[in-house]
Amino acid sequence: MTQIIVGENEGIESALRRFKRQVSKAGIFPDMRKNRHFETPLEKRKRKAVAKHKQSKRRFRN
């Protein structure tokens, strides 16, 4: 979890800039984008089955 402590004479803009920098260093945004939408168990099974099918086709070609 990313956390910053705002200094006594620090402006909100600089604190926000520091927070954004820490969030980008921690890699939170890519993880958020990956988990943005809820996926039902049925959708997850279908996605994995399609990926497995594609992988087996690639293996068969070579």
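This is a predicted model: local features need pLDDT of at least 70, side-chain atom pairs count only at pLDDT 80 or more; totals for chains, interfaces and linings use all residues.
Let me start with Thr 2, which sits in the segment before α1, where helices (H or I, at least four residues) and strands (E, at least two) are taken as DSSP runs and numbered from the N terminus. Thr 2 counts as buried, at 18% relative accessibility, the classes being buried under 20% relative accessible area, exposed over 50% and partly exposed in between, with a 1.4 Å probe and protein chains only. If we set aside residues up to four places away in sequence, Thr 2 touches Phe 19, Gln 22, Val 23, Ala 26 and Ile 28, a contact being heavy atoms within 4.5 Å.

Residues are numbered from 1 along each chain as its sequence is written, and side-chain values use heavy atoms, with hydrogens and water left out.

On confidence, pLDDT being the predictor's confidence in each residue from 0 to 100, the mean for the protein is 87, and 95% of its residues reach 70 or more. Confidence is highest in α1, at a mean of 93, and lowest in α2, at 80.

After α1 comes Gly 27, with a positive phi near 75°.

Within α1 we find Gln 22, which is partly exposed, with a relative accessible area of 32%. Apart from its neighbours within four places in sequence, Gln 22 is in contact with Thr 2, Gln 3 and Ile 4.

Val 6 and Thr 40, which are 34 residues apart in sequence, lie 40 Å apart in space, C-alpha to C-alpha.

How many salt bridges are there? The count comes to two, under the rule that a side-chain nitrogen of Lys or Arg lies within 4 Å of a carboxyl oxygen of Asp or Glu. One joins the side chains of Glu 10 and Arg 18, at 2.9 Å from N to O; Glu 10 is partly exposed at 24% relative accessibility, and Arg 18 is partly exposed at 28%. The other links Arg 47 with Glu 39, whose closest N and O atoms are 2.8 Å apart; here Arg 47 is partly exposed at 44%, as is Glu 39 at 26%.

Finally, Ile 28, Phe 29 and Met 32 form a nonpolar patch on the surface, with about 250 Å² of accessible area together. Phe 29 lies in helix α2, residues 28–34, and is partly exposed at 38% relative accessibility. Patches are made of residues with over 30% relative accessible area and no salt bridge, like charges being joined within 9 Å and nonpolar side chains (Val, Leu, Ile, Met, Phe, Trp, Tyr) within 5 Å.

Methods:
Accessible areas come from the Shrake-Rupley method with a 1.4 Å probe; for residues, only the protein chains shown count as cover.
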